[in-house]
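Hi,

Here is the structure I said I would pass on. Have a look at it first, and my notes follow below.

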Amino acid sequence: MTEISIPRPDDWHLHLRDGAMLEGVLPESARDFARAIIMPNLVPPVVTGADAAAYRERILRALPEGAAFEPLMTLYLTEDTDPDDVAAAHASGLVKAVKLYPAGATTNSASGVRDFDKVRPVLERMAEIGLPLCVHGEVTDPAVDIFDREAVFIDRVLDPVRRATPGLRVVMEHITTKDGVDYVRAQGDDMGATITTHHLIINRNHILVGGIKPHYYCLPVAKRESHRLALVAAAISGDGHFFLGTDSAPHPTDKKECACGCAGCFTATNTMPLLAHVFEAEGRLDRLAAFASLNGPAFYRLPVNPGTLTLVKTDTPTLWPAQIVTGAGPVTLFDPGFPVFWKVKG
């Protein structure tokens, strides 16, 4: 197969930041994706419906002229979040999910949740109105090894929260382990999971062998090869539990290449050709549409996008810029480490 067309895809986990960085990276997502779930971990975070409305307007103002892209807004769950404000923001159509960050788990997560009993009223209201909870699935207990934090989160936090809140719809974001795949696969249709582009491609050896590769460092950190293979199997399965969420996370290059580098891989520019490469290698290009275009809208109860995106295979490797220029500094693009012969047509 040298050409494939799929319904225009969506990104169900995207970081756009704000200000000059937003203006620089937004065109990279708007080029290929029709919609994206926008992460709320700004400084200060997007906590209220009013915050989300203001952030949405800033995103729309930054869109290139003629771009067809819809930001799907989320709220940052804190221990002071007002259930009534969440319900009103959802009823207005503005907010499509609420994001749970365990405090200290990742970039700009200091305002996250420490005491889950304090957010129980919000979770119960969300279950009543059908508003999904997106979770960063890692514990922050310093006694737990960083490579075990996702599996421990399932046992200590995720499963107890779901059992205590019947009907709560949950997306376990950027899963990185076979444990996550197995848990999600065993649940009903009130549970989903996103898988990133980079976690389908790299394992922890890619970060550490032959020197530290700061542009492969992300949170949750990439795991063993056996876990990467489990993620690939889930993505290509067609199973409706699993859908694309790039977790594309821009940082200025100098903030990645330093003594304490930021976590995040920037994949907005080349995600779709990389996915075509991964799915073709597994002989499952026929299931790319399910993963990138169909399963996410089904979970979020939204229509499939009417337009199409076409990928073509070429005889020569596709070239992308090494960096994206932004007013906040250059952002280094994720390099898979192998030639890719797919590109987006048009």
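Predicted model: local features only at pLDDT ≥ 70, side-chain atom pairs only at ≥ 80, totals over all residues.

A290 sits in helix α11 and is buried, its relative accessible area being 14%. That puts A290 under the 20% cut-off for buried. If you want a sense of distance, A290 and L14 are 276 residues apart in sequence, and their C-alpha atoms are 19 Å apart in space.

Now for what surrounds that helix. Helix α11 covers residues 288–300 and lies across β1 and β10, running at about 25° to β1. Those strands belong to an open sheet of 3 strands, in the order β1-β10-β13, with antiparallel pairing. At the edges are β1 (3–7) and β13 (342–344), each of which pairs on one side only. From one strand to the next, the twist averages 25°.

Zooming in on one pair, β1 and β10 (residues 308–313) are joined over 5 bridges in the antiparallel sense. To find your place there, look for E3, which stands opposite V312 in β10. In general, strands of a sheet pair through backbone hydrogen bonds, either parallel or antiparallel.

Another helix packs on this sheet too: α10 (residues 271–281) touches β1, β10 and β13, and its direction makes about 140° with that of β13. How many of the residues of α10 are buried? It turns out that 8 of the 11 are, so the helix is largely enclosed by the rest of the structure. The buried ones are T271, M272, P273, L274, L275, A276, V278 and F279. They pack against β1, β10 and β13, and also against α8 (225–236), β9 (242–244) and α11. Just after α10 comes G283, which takes a positive phi of about 70°.

Finally, the cysteines. A search of the whole structure finds 0 disulfides. C218 is in no disulfide, and its nearest cysteine sulfur, that of C265, is 4.4 Å away. C265 is likewise in no disulfide, with the sulfur of C218 as its nearest, 4.4 Å away.

Cheers

Conventions
Residues numbered from 1 in each chain as written. Heavy atoms only, no water. Pairing = 2+ DSSP bridges. Helix = DSSP H or I, 4+ residues; strand = E, 2+ residues; numbered from the N terminus. Axes fitted to C-alpha atoms, helices over the stretch in contact; angles between N-to-C directions. Contact = heavy atoms within 4.5 Å. Buried < 20%, exposed > 50% of the residue type's maximum accessible area, 1.4 Å probe, protein only. Disulfide = S-S within 2.5 Å.
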